[in-house]
Amino acid sequence: MIYGGLDFSLTTPAYAKYDSTLKKLTIGRVDTKPFKKDYRLRNRAIIDEILKLLGDCDSLYVEDYAFAACGRITDIAEVLGAIKYNLKSDIQLVSPGTLKKALTGNGHAEKNDMINKIRAVQKL
């Protein structure tokens, strides 16, 4: 089984992928800086990169929309909609606080706290 996780944002989408057969964990971020000035190219690049990285997952856990989300929420919805439509995996939406609390013990953890915790677990 291959499990994926997506902490989505338009500026720094982060992902994790675990292959239970190979016992291999891969984590990273999608670089959106080259497309900062053109949101259409940025959105297309995010969609393509996420599909390439997580397209073979059997199960994917995606951070659900935050209740207080504002700003480019329409762009976020469009990009996530395209990703969900194109992925063939079972997709589960999980609230941001639930994911953060399960991994770090703090429902308000920052993205770097999440990445550091995953790296620490990976070293075990």
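Begin by selecting T11, which touches V30 and T32 when residues up to four places away in sequence are not counted; contact here denotes heavy atoms within 4.5 Å. The model is predicted: local features need pLDDT of at least 70, side-chain atom pairs count only at pLDDT 80 or more, and totals for chains, interfaces and linings use all residues. Residues are numbered from 1 along each chain as its sequence is written, and side-chain values rest on heavy atoms, with hydrogens and water left out.

T11 sits in the loop between β1 and β2; strands are DSSP runs of E of at least two residues, helices are runs of H or I of at least four, and both are numbered from the N terminus. T11 is exposed, its relative accessible area being 58% (buried means under 20%, exposed over 50%, partly exposed in between, with a 1.4 Å probe and protein chains only).

Next, select helix α1, residues 39–54. Its end C-alpha atoms are 22 Å apart, in agreement with the 22 Å that its 16 residues should span at 1.5 Å a residue; the expected span is 1.5 Å times one less than the number of residues. Colour R42, N43, I46, I47, I50, L53 and L54, the buried residues of α1. These residues line one face of the helix, because they fall within an arc of 145 degrees seen down the axis; the arc is that of the directions from the helix axis to the C-beta atoms. On the other side, R40 and K52 are exposed. The cover over the buried residues of α1 includes β1, β2 (14–19), β4 (59–63) and α2 (73–86).

Within strand β4, select S59. This residue is buried, at 7% relative accessible area. Apart from neighbours within four places in sequence, S59 is in contact with I2, Y3, G4, S89 and D90.

Proceed to helix α4, residues 111–123. Its 13 residues reach 19 Å from first C-alpha to last, close to the expected 18 Å. Here M114, I115 and I118 are buried. They lie on the same side of α4, since they cover an arc of only 95 degrees around the axis. The buried residues of α4 pack against β3 (24–29) and α3 (96–104).

Finish at M1, in the segment before β1 (2–7). M1 counts as partly exposed because its relative accessibility is 46%.
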